[in-house]
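Subject: Structure handover

Hi,

Here is the structure for you to look over. My notes follow below it.

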Amino acid sequence: MGQGDATEDNAANAAAGLRHLSKYFREHPVTGPDGHSYISNQPRATATNPGMPLNVRVLEHIDRTVAEVAAYTREVNPDAEPLPDDVLDVYRWCVENTVHAPEIVQQRREVLEYQHSLEHAVAAGDTDVIPPHPCPDCRTWGLMWDKLTRRIVCTNRRCVDEEGLSTTITFARLAHEHVTARKNLRDVRAT
């Protein structure tokens with residue numbers, strides 16, 4: 001598999017995640033004042049205003065990821081074409097406008113795309129994308145998504161921070177470790 005194949009895979013995965021997220025929240029609109037949140041069995045006041053017909057957190061997520069891709073692309077190529085009208089084309093646009101960048105810059109794009117594909121999956125409720133990655137600190141296979149803290153945590157009891165709490169890993173770090181390991185594997189196979 002050449003480097004172009006991995007880049008196209010990352011962009012395709014990130015775009016597919018964004019497409020799935022966008023489609024899911026169009027097909028499952030919020031119909032109540034609590035949105036897609038947990039609804040307790042406790043009595044509560046009657047809403048005076050109807051809920052928004054979309055999940056604002058997901059909309060903010062989509063806006064943030066598109067802005068990140070646009071900022072990266074414009075940093076690498078200030079003369080990039082205008083951002084596409086359809087947000088689902090933003091990853092294709094990024095690849096097309098950074099294809100001639102140095103390899104290390106393109107690897108940064110791959111990390112961003114992989115990070116976004118993980119974030120899109122988790123935002124859509126698919127937390128199974130986290131456990132197949134080893135912990136960057138202890139290298140064990142104990143990563144999981146903690147719904148309460150909304151973070152990636154290592155379940156290895158020996159992998160703790162200075163305060164004795166479970167190590168937390170950012171999406172960016174997990175993506176960097178994954179893309180770097182995959183690149184190193186490609187380099188070894190090429191020699």
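H133 is buried, with a relative accessible area of 5%. Buried means under 20% relative accessible area, exposed means over 50%, and partly exposed lies in between (1.4 Å probe, protein chains only). H133 sits in the loop between α4 and β1. It touches Y114, L118, W141, L143, L174 and H178, leaving out residues up to four places away in sequence. Contact here means heavy atoms within 4.5 Å. H133 and M144 are 11 residues apart in sequence, and their C-alpha atoms are 9.2 Å apart in space.

Some ground rules. This is a predicted model: local features need pLDDT of at least 70, side-chain atom pairs count only at pLDDT 80 or more, and totals for chains, interfaces and linings use all residues. Residues are numbered from 1 along each chain as its sequence is written, and side-chain values use heavy atoms, with hydrogens and water left out. Helices (H or I, at least four residues) and strands (E, at least two) are DSSP runs, numbered from the N terminus.

The sheet

The sheet is open and has 3 strands, in the order β1-β2-β3, with antiparallel pairing. β1 (143–146) and β3 (168–169) are the edge strands; each has a single partner, so one side of each has no neighbour in the sheet. Two strands count as paired if DSSP finds at least two bridges between them. β1 and β2 (residues 151–154) pair over 4 bridges, in the antiparallel sense. L143 stands opposite C154 in β2. The β1 and β2 hairpin has 4 residues between the strands, and R150 takes a positive phi near 55° there.

In a regular strand, side chains alternate between the two faces of the sheet.

The helices

α2 has 21 residues and reaches 30 Å from its first C-alpha to its last, close to the 30 Å expected at 1.5 Å a residue. The expected span is 1.5 Å times one less than the number of residues. Buried in α2 are V58, H61, I62, T65, V66, V69, A70, Y72 and T73. Seen down the axis of α2, these buried residues fall within an arc of 160°, so they line one face of the helix. The arc is that of the directions from the helix axis to the C-beta atoms. R57, E60 and E75 are exposed on the other side of α2.

H61 belongs to helix α2. H61 is buried, at a relative accessible area of 10%. Residues up to four places away aside, H61 touches L21, E119, H120 and A123.

T98 is in helix α3. T98 is buried, with a relative accessible area of 1%. Beyond its neighbours within four places in sequence, T98 contacts Y72, T73, V76, Q106 and R109.

The 20 residues of α5 (residues 171–190) should span 28 Å at 1.5 Å a residue, and the end C-alpha atoms are 28 Å apart, which agrees. F171, L174, A175, V179, K183 and R186 are buried in α5. They cover an arc of only 160° around the axis, which puts them on the same side of α5.

The cores

A nonpolar core is a set of buried Ala, Val, Leu, Ile, Met, Phe, Trp, Tyr and Cys residues joined through side-chain atoms within 4.5 Å. The largest has 21 residues; L18, I62, V69, V90, Y91 and W93 touch the most other members. α1 (3–27), α2 (56–76), α3 (90–98) and α4 (103–123) each give it two or more residues. α2 gives the most, with 6 residues. V90 touches L18, V66, V69, L83 and P84, residues up to four places away not counted. Another core, of 16 residues, lies apart from the largest one; among its members are C135, C154, C159 and I169.

Cysteines

How many disulfides does the structure hold? It holds 0. A disulfide here is a pair of cysteine sulfur atoms within 2.5 Å. The closest cysteine sulfur to that of C159 is in C135, at 3.7 Å, too far for a bond. C159 is buried, with a relative accessible area of 6%. C94 is also buried, at 2%.

Best wishes
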